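I opened my notebook to get to know a structure that was new to me. Here is what I looked up, entry by entry.

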Amino acid sequence: MDFSGFDIALLVLVALVVLVLFKGIRTIPQGYNYTVERFGRYTKTLSPGLNLIVPFIDRIGSKLNMMEQVLDVPTQEIITRDNATVAVDGVAFYQVLNAAQAAYQVAGLENAILNLTMTNIRTVMGSMDLDELLSNRDAINERLLRVVDEAAHPWGIKITRVEIKDINPPANLVESMGRQMMAERNKRAQILDAEGLKQSQILEAEGRKEAAFRDAEARERSAEAEARATQVVSEAIAKGDVQALNYFVALKYTEALTRIGSATNSKVVLMPMEASSLIGTLGGIGAIAKEVFGAEGTAGTARQAARPPVVRPSET
């Protein structure tokens, strides 16, 4: 089959059109931005989707991932302010916000972020003591995030998070810290024991004080009652009432019998007793009780006490 000149020209034209379309149409995947350069100079940024560029004049410069990315920070040795050496590693999260700045403001974006993060980790953690380093990890992360994000802002990226993963002191230092913690716990236990003993002694002393106060108060009230009874009997005797004297005699007589009967070395007690004397004594007690209390119910009790009981004299 022979082709004429027109057919050949038409085929060349179709091939040229296909080539132009192939060079001028760019499909950008979701989550990426492409920079466009014209004769080596940045002109625009292509967003996800179908985009057109000038074929043979414009070209794709950099393909940048706009999604949040993670960057592993390798382990490095850090000397703290109190001259303790620890091994620290971490992780950094960042996101490209401006594709043109990330492509043309820094060479080697990930390497720049990595070195910036490592340098600031040494700076921040080297200015702290070991105890602060181990107990203030959140404060360290916050400080690192602020410093690194501020330094990386001109690159068109956002540092979203900087985290310290591990802080590993030397083995001998860990052992010393364990002994220190144990000593501190023992110290606190001894302090708590001492505080408990002190509180117990204070409570015991307060109890003895309260008991002594109540005993003294009881003795005071007993003395006041005895003085009152003595006064009443004295007034009765002064008025010529002999029964008051019999009251005291009977009271002492009864107390003596009580002590004799409660003695541990006495089993059987036999003693002579005159019924008439005991009756007179009990009558004196009733008269005194009636005079002292003066109430009707009490007077009945006194009369009952003054009633002569049946007394059988003991046989000697």
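**Entry 1**

I began with β7 and β8, which pair in the antiparallel sense over 10 bridges. I counted two strands as paired if DSSP finds at least two bridges between them. Within this pair, D89 stands opposite D166 in β8.

A note on what I am reading: this is a predicted model, where local features need pLDDT of at least 70 and side-chain atom pairs count only at pLDDT 80 or more, while totals for chains, interfaces and linings use all residues. Residues are numbered from 1 along each chain as its sequence is written, and side-chain values use heavy atoms, with hydrogens and water left out.

Next I looked at the whole sheet: three strands form an open sheet in the order β6-β7-β8, with antiparallel pairing. β6 and β8 stand at the edges with a single partner strand each, so one side of each is left without a neighbour in the sheet. From one strand to the next, the twist averages 20°. I also found α3 packing on this sheet, where α3 touches β6, β7 and β8 and its direction makes about 40° with that of β6. Here axes are lines fitted to C-alpha atoms, for helices over the stretch in contact, and angles run from 0 to 180 degrees between N-to-C directions. Contact means heavy atoms within 4.5 Å.

**Entry 2: the β3-β2-β5 sheet**

I then turned to another open sheet of three strands, which has the order β3-β2-β5 and antiparallel pairing. β3 (41-46) and β5 are the edge strands, each with a single partner, so one side of each has no neighbour in the sheet. Neighbouring strands here are turned by 30° against each other on average, direction ignored. Five bridges join β2 (residues 32-38) to β3, and T35 stands opposite T45 in β3.

A reminder to myself: strands of a sheet pair through backbone hydrogen bonds, either parallel or antiparallel.

**Entry 3: the cores**

Which residues have the most contacts inside the largest nonpolar core? They are L109, M125, W155 and I157, in a core of 37 residues. A nonpolar core is a set of buried Ala, Val, Leu, Ile, Met, Phe, Trp, Tyr and Cys residues joined through side-chain atoms within 4.5 Å. Buried means under 20% relative accessible area, exposed over 50%, and partly exposed in between (1.4 Å probe, protein chains only).

Among the elements that supply at least two residues each to this core are β6 (69-79), β7 (85-96) and β8 (157-168). α3 gives the most, with nine residues. Leaving out residues up to four places away in sequence, M125 touches I78, T80, V88, L133, I140, I164 and I167. A second, separate core of six residues includes Y34, V36, L46 and I53.

**Entry 4: single residues**

Is N65 buried or exposed? N65 is buried, with a relative accessible area of 17%. N65 is found in strand β5 (residues 58-65). Its side chain has a polar atom 2.9 Å from the backbone nitrogen of M67. Beyond its neighbours within four places in sequence, N65 is in contact with G31, Y32 and V96.

G49 belongs to strand β4 (residues 49-52) and counts as partly exposed at 27% relative accessibility. Not counting residues up to four places away in sequence, G49 touches R26, T27 and I28.

I also noted two loop residues. F56 lies in the loop between β4 and β5, and its phi is near 65°, a positive value in a residue other than glycine. At 54% relative accessibility, F56 counts as exposed. N83 sits in the loop between β6 and β7; N83 has a positive phi of about 65° although it is not a glycine. At 66% relative accessibility, N83 counts as exposed.

**Entry 5: the whole chain**

Last, I checked the totals. The protein chain has nine helices and eight strands. Of its 316 residues, 25% count as buried. Among contacts with a separation of 6 or more, 63% are between residues 24 or more positions apart.

Notes. Helix = DSSP H or I, 4+ residues; strand = E, 2+ residues; numbered from the N terminus. Polar contact = N/O pair within 3.5 Å; in protein donor to acceptor, adjacent residues only side chain to side chain.
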